[in-house]
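Here are a few friendly notes to read beside the model. Please keep the structure open as you go through them.

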2 protein chains.
Amino acid sequence: MFEIAELGQSVERDEYKKKASELRTQLLLIQDQLKDSQFPVLILISGVDGGGKGEVINSLNAWLDPHFMRTNAFAEPSDEERERPKFWRFWRTLPAKGRIGIYVGSWYSDPISQRVYQKIDDAALQVELKLINQLEQLLTDDGALIIKCWLHLKKDRQTSRFKALSKNPATKWRVTDKDRQHLAKYDVFLGIAEQVLTDTSTPYAPWLIVDGSDINYSRLTVGQYVLECIQRHLLSQAELKAKTKALVPEVLSKLEQHNLLDTLDLSVKLGKNKYKIELEKFQGKLNGLTRQALVVHRSSLLVFEGWDAAGKGGVIRRLTEAMDARNYQVIPISKPTDEEAAHHYLWRFWRHIPRAGQVTIYDRSWYGRVLVERVEGLAATNEWQRAYAEIVNFEEALLAHGMVILKFWLHVDQDEQMRRFKQRENITYKQFKITDEDYRNRAKWDDYQKAVNEMIMRTSSSKLPWILVEANDKYYARIKVIKAYCERLEKMLDEGKS
Amino acid sequence: MFEIAELGQSVERDEYKKKASELRTQLLLIQDQLKDSQFPVLILISGVDGGGKGEVINSLNAWLDPHFMRTNAFAEPSDEERERPKFWRFWRTLPAKGRIGIYVGSWYSDPISQRVYQKIDDAALQVELKLINQLEQLLTDDGALIIKCWLHLKKDRQTSRFKALSKNPATKWRVTDKDRQHLAKYDVFLGIAEQVLTDTSTPYAPWLIVDGSDINYSRLTVGQYVLECIQRHLLSQAELKAKTKALVPEVLSKLEQHNLLDTLDLSVKLGKNKYKIELEKFQGKLNGLTRQALVVHRSSLLVFEGWDAAGKGGVIRRLTEAMDARNYQVIPISKPTDEEAAHHYLWRFWRHIPRAGQVTIYDRSWYGRVLVERVEGLAATNEWQRAYAEIVNFEEALLAHGMVILKFWLHVDQDEQMRRFKQRENITYKQFKITDEDYRNRAKWDDYQKAVNEMIMRTSSSKLPWILVEANDKYYARIKVIKAYCERLEKMLDEGKS
């Protein structure tokens with residue numbers, strides 16, 4: 001696959017100057033249009049060592065306006081990064097809509113180098129590439145433009161470039177021991193690179209292989225490619241916008257017939273005395289378990305969804321009462337801030353992923369995408385429909401990092417909800433909890449019910465089950481939740497021991 | 001000062017339950033009012049080990065709604081924190097307006113423990129306390145409410161509490177070696193605590209000393225105090241808002257007579273050929289110097305202010321051309337995002353403070369507070385007037401961390417500005433750079449000039465000088481800036497060697 005990039009293409013100095021100057025003007029103009037657009041641009045510059053990555057990146061930075069772009073280089077992860085799932089460090093650097101992010105050493109660096117040095121086998125590499133494709137698809141589905149350039153260099157040229165750099169005292173520093181080590185592995189490296197490029201050259205994010213033998217040629221080629229990609233994307237996004245309505249597939253409608261929520265026995269109850277005893281017992285237990293989880297650096301993530309007035313706040317309070325305030329955080333999800341709105345909808349959840357051992361409780365969550373955003377029409381049909389897979393992939397990434405994840409749906413029936421609305425209106429310190437919007441949501445009960453059913457069907461699995469909580473009786477619901485969290489922590493701690 | 005907190009005050013179990021329940025209702029109600037207010041609340045819980053800090057924090061978390069508050073515990077700093085000025089880790093956790101942040105182990109922990117273990121002397125402690133007072137004043141001046149509670153415990157009670165905790169297998173883990181170590185230092189600790197509390201009990205952020213001998217008593221006392229502080233602050237902020245206009249002191253007006261900018265010789269020029277030679281020379285030099293700075297982990301912060309069309313962008317481009325894109329970041333400052341607007345105006349600058357060895361270039365900066373915000377009336381007079389000291393303190397904190405700071409004012413005269421406006425309108429890829437706003441700003445030249453003069457007078461010092469750049473000639477300006485940065489880096493690197 002690299003043959004065409006080994007022809008030794010080059011460009012004359014004068015021609016380079018002329019073309020670079022024209023290119024710069026065009027890049028600045030297109031960047032200005034980009035600023036008002038609704039998508040971010042990610043430019044990944046990878047390739048063979050000595051292939052001119054640094055030079056290409058620097059010329060992109062010189063041609064474009066650095067005010068609206070950011071170059072992200074990934075060296076060793078910081079401790080804050082190591083304590084989180086591995087893609088967290090990439091999520092935190094994702095450019096906002098209208099901005100450009102350049103990636104030197106991206107999500108490709110680690111898998112390739114680990115495979116070259118045989119720290120992972122081929123199957124493990126395949127898994128990594130699958131995750132990368134998922135990430136790139138998720139971003140491009142949301143409109144992002146991902147431009148991937150691979151700077152290639154023939155082995156003999158790489159050797160001679162290193163020699164040239166090493167000879168000159170001014171550039172000697174640029175050839176590191178790591179580079180020399182890589183050079184010895186050139187053939188292995190190339191074989192793996194071929195595989196990676198093949199498997200990740202998707203229709204939504206293809207690779208461009210660039211002949212890196214002449215640096216000015218590489219600069220122009222990458223610059224021109226970036227320009228064209230952005231031009232094309234600006235056009236296609238505008239077209240897509242016009243067509244969105246037509247593209248929308250039909251919503252599945254058979255689901256209405258089966259209502260999972262109806263299968264719950266809402267008459268289950270727990271007496272006050274029994275509740276008090278159980279609460280004390282399980283809160284005590286939870287206190288110990290969360291402390292042990294902290295010691296072994298295992299984080300938890302608890303997701304609460306449910307009908308308005310189903311008692312999410314009350315359940316959360318019974319959980320937090322049992323924990324040390326220094327180790328948990330409750331994240332209420334409502335309207336995104338403007339920084340959040342300028343990113344992929346999962347970005348705002350990634351940013352709250354806790355450090356090792358911490359507990360994060362989401363009061364409403366990413367499931368809003370397939371609940372409120374679906375029902376209220378805030379997300380297009382194709383957006384919420386693909387969200388199921390996006391969400392499952394997101395949760396699996398957290399799971400793979402060793403996080404404990406629990407998802408609760410708190411279910412009450414319509415009569416109980418109304419009773420609680422009325423009750424809230426009569427309790428001084430709860431009045432603020434009830435608004436007109438609650439009544440508006442209630443009127444859409446059937447639509448929400450349909451959405452809840454589909455959500456559970458599509459995102460519940462043995463690894464990541466939804467726990468449906470019968471919540472007409474608050475006491476019963478609270479104990480069920482605390483107990484479930486205790487059991488999951490116990491299981492995790494037991495597995496850790498064996 | 002601790003006598004009153006050694007009386008051994010306590011509260012009966014039944015009374016506690018009754019009072020706690022009332023308090024909770026009131027706290028929830030006031031928190032709901034707080035949500036719509038324009039200030040954040042910081043609650044610092046410090047004190048003697050075993051004084052019940054954890055218990056008090058947990059009860060505050062149980063009484064208040066954890067959705068709108070966050071408990072921040074500070075253990076060892078992460079590497080990302082260590083690479084930045086020490087207050088950075090506090091800035092990143094500051095609550096937004098309407099939210100509550102609880103601090104366990106705050107900016108007080110390190111100075112006290114370092115003094116107890118004689119890692120710093122008394123003079124150094126004084127300096128730390130001064131910085132703390134500056135931080136607290138800066139936040140409260142901006143409307144923040146800072147509530148500081150110190151939980152006191154007599155020596156014999158501390159001893160017996162540790163004994164009791166150690167005996168019980170369920171609580172044994174809570175007494176650490178560090179606690180035992182601290183216990184041995186009780187008297188020293190108390191003497192230093194007294195000094196710290198005295199020096200930092202300011203009118204804007206006084207300490208409340210709480211008798212920690214009975215945990216329920218401490219819980220109620222702190223809870224009640226928090227409630228009253230928030231109630232009082234809500235009232236006083238409302239009053240303050242009504243009075244703000246009347247409070248505004250007279251603007252200094254004598255300054256108009258002296259115009260620093262007039263002293264610049266704007267006729268200085270550099271020929272094109274000389275420019276090219278010098279540019280190549282100093283860019284080469286800068287490339288080497290920034291690489292060396294990276295090796296020794298010294299960050300730089302470059303601030304650019306100047307008239308519209310003074311050539312900031314061009315200067316910045318000549319700087320970045322000489323650096324590796326992986327090591328710098330250009331931050332354009334325009335309208336704050338809503339997350340930024342919900343914090344102190346310096347928060348948005350703290351968040352971009354670079355990690356070790358990195359270069360951050362601010363195109364416009366915190367000086368907007370005393371320039372555009374002053375002239376356009378976006379900041380009240382007392383706000384921009386106190387900003388001079390706030391800014392100097394901010395920059396000194398960065399300097400103390402070892403950062404290299406350069407501040408440039410790019411000066412052109414009105415004729416040259418008009419010439420450039422016209423020119424921009426005729427160059428395709430620069431058209432977007434000229435808007436009606438530029439003409440509006442130009443009409444306020446005299447007001448801006450006055451503001452610039454006062455800014456330079458109040459924020460230029462031998463440690464943190466403003467570098468005034470004669471920018472009618474672009475070539476001259478660019479070389480002056482690059483040269484100045486080179487010289488500063490050389491000086492820093494030289495000092496590092498000796």
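**Notes on a helix pair and a domain contact**

1. In chain B, helix H5 (residues 109-116) packs against helix H9 (residues 186-200) at an angle of about 135°, and their axes are 9 Å apart. Helices here are DSSP runs of H or I with at least four residues, numbered from the N terminus. Axes are lines fitted to C-alpha atoms over the stretch in contact, with angles from 0 to 180 degrees between N-to-C directions.

2. That angle makes H5(B) oblique to H9(B); oblique is what remains after under 35 degrees (roughly parallel), over 145 (roughly antiparallel) and 65 to 115 (roughly perpendicular).

3. Which residues meet in this pair? From H5(B) come B:Ile112, B:Arg115 and B:Val116, and they meet B:Val188, B:Phe189, B:Ile192, B:Ala193 and B:Val196 of H9(B). Contact means C-beta atoms, placed from the backbone, within 7 Å. Seven of the contact residues are nonpolar, none is polar and one is charged.

4. Please note that this is a predicted model: local features need pLDDT of at least 70, side-chain atom pairs count only at pLDDT 80 or more, and totals for chains, interfaces and linings use all residues. Residues are numbered from 1 along each chain as its sequence is written, with chains lettered from A and ligands numbered from 1 in the order in which they are written.

5. Turning to chain A, domain 1 covers 3-246 and domain 2 covers 257-497, with bounds from an automatic or database domain assignment. Their centres, taken over C-alpha atoms, are 39 Å apart.

6. Across the domain contact, 17 residues of domain 1 of chain A touch 17 residues of domain 2 of chain A. On the domain 1 side, H6(A) gives the most, with four residues.

Note on methods: Helix = DSSP H or I, 4+ residues; strand = E, 2+ residues; numbered from the N terminus. Contact = placed C-beta atoms within 7 Å. Nonpolar A, V, L, I, M, F, W, Y, C, P; charged D, E, K, R; others polar.
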